[in-house]
Amino acid sequence: MYVRKEAVLSSQIEGTQSTLSDLLRFETEAISGEPVDDIREVSNYVDTMMFGLERMRQLPLSLRLVREMHQRLLDSGRGGTKSPGEFRTSQNWIGGTRPGNAMFVPPPPNEVMTCLGDWERFIHEDTPGIPPLIKAGLIHVQFETIHPFLDGNGRLGRLLTTLFLCATGVLRQPLLYISLYFKSRRADYYRLLQEVREYGTWETWLEFFLEGVAETADQAFETANRIARLFDDDRERIVRESERTGSVLQIHEVMRTSPYLTAASAAKRSGLTVPTVNAALDQLQKLGIVEEATGRRRGRVFVYRAYMDILSDGAGS
């Protein structure tokens, strides 16, 4: 769920409107028709993060992996025509309508691979005097400055921060949604990246970056504790008040990983029959633990509302 929250927040920085609820309802096939581009982009981000973590078991954090991840990130949606998985061979720019009036013009195409080679070497260099968190902040700025793709650089650069911290053992799981901090201070985020490029203000950027890591880590820790308390309290209520304790506990367990759920998906995940699942969901609804989100009689969608409220803090409901 933290990966999904990071995906939503990182995409919101780029202007998408999707919320965490939108993403989870899309994943449970609760939104009918074709998914909007915003939701598809966020879903691609989640897929890319999980792919990157799995791929690092066979492949180091490298330009090859970066290209593979970019291919998945832009697999569909608005970026599908922007050369997914290919480093750019044309000039791009940030802000403005052309390089001449842009806020920032990244390296020209013929310099991109040289810059990326230096960037990759720095990732793998033995730098005992640079703690991993500092190194992560430096790697992020440099990637965004090289801007090696035609699209998706911001999202991929933020994703790589979490991936690098996992690769170095700072994180055992991708539990840092630092994009919450970047989103809440978006103007400062972009300004400080640009000031490094123009004036070399690395220390100011790193102070901002480290404050973000600390603030987000504290919030992630507190959020995890709140979720754990909610699960324990609701489990106790089910044992104390439910008429079908066994099956209700099973569905409650499923909803811990899928806060939006249909009866069909619950049956598939739990191995219970659809009538048993419906009875369990009705019990959870009577206990006030879940609520029905559509108002329909058929194709009902149930949401673990209190859980979603905790998860969605800062990411839209």
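With which residue does Asp188 form a salt bridge, and how far apart are the closest N and O atoms?

A: This is a predicted model, in which local features need pLDDT of at least 70 and side-chain atom pairs count only at pLDDT 80 or more, while totals for chains, interfaces and linings use all residues. Residues are numbered from 1 along each chain as its sequence is written, and side-chain values use heavy atoms, with hydrogens and water left out.

Asp188 forms a salt bridge (a side-chain nitrogen of Lys or Arg within 4 Å of a carboxyl oxygen of Asp or Glu) with Arg191, and the closest N and O atoms are 3.2 Å apart. Because Asp188 and Arg191 lie 3 residues apart in helix α9 (residues 186–199), about one helical turn separates them. Helices are DSSP runs of H or I with at least four residues, numbered from the N terminus. Asp188 has a relative accessible area of 23% and is therefore partly exposed; buried means under 20%, exposed over 50%, and partly exposed in between, with a 1.4 Å probe and protein chains only. Arg191, at 40% relative accessibility, also counts as partly exposed. Salt bridges that share partners join Arg185, Asp188, Arg191, Glu195 and Glu211 into one network.

The structure holds 18 salt bridges. In helix α5 (residues 109–124), Arg121 and Asp118 are likewise 3 residues apart, about one turn of the helix, and their side chains meet in a salt bridge at 2.5 Å, N to O. Another salt bridge, between Arg4 and Glu27, has an N to O distance of 2.9 Å. This pair links distant parts of the chain, with Arg4 in helix α1 (residues 2–13) and Glu27 in helix α2 (residues 20–27), 23 residues apart.

Technical notes: Helices (H or I, at least four residues) and strands (E, at least two) are DSSP runs, numbered from the N terminus.
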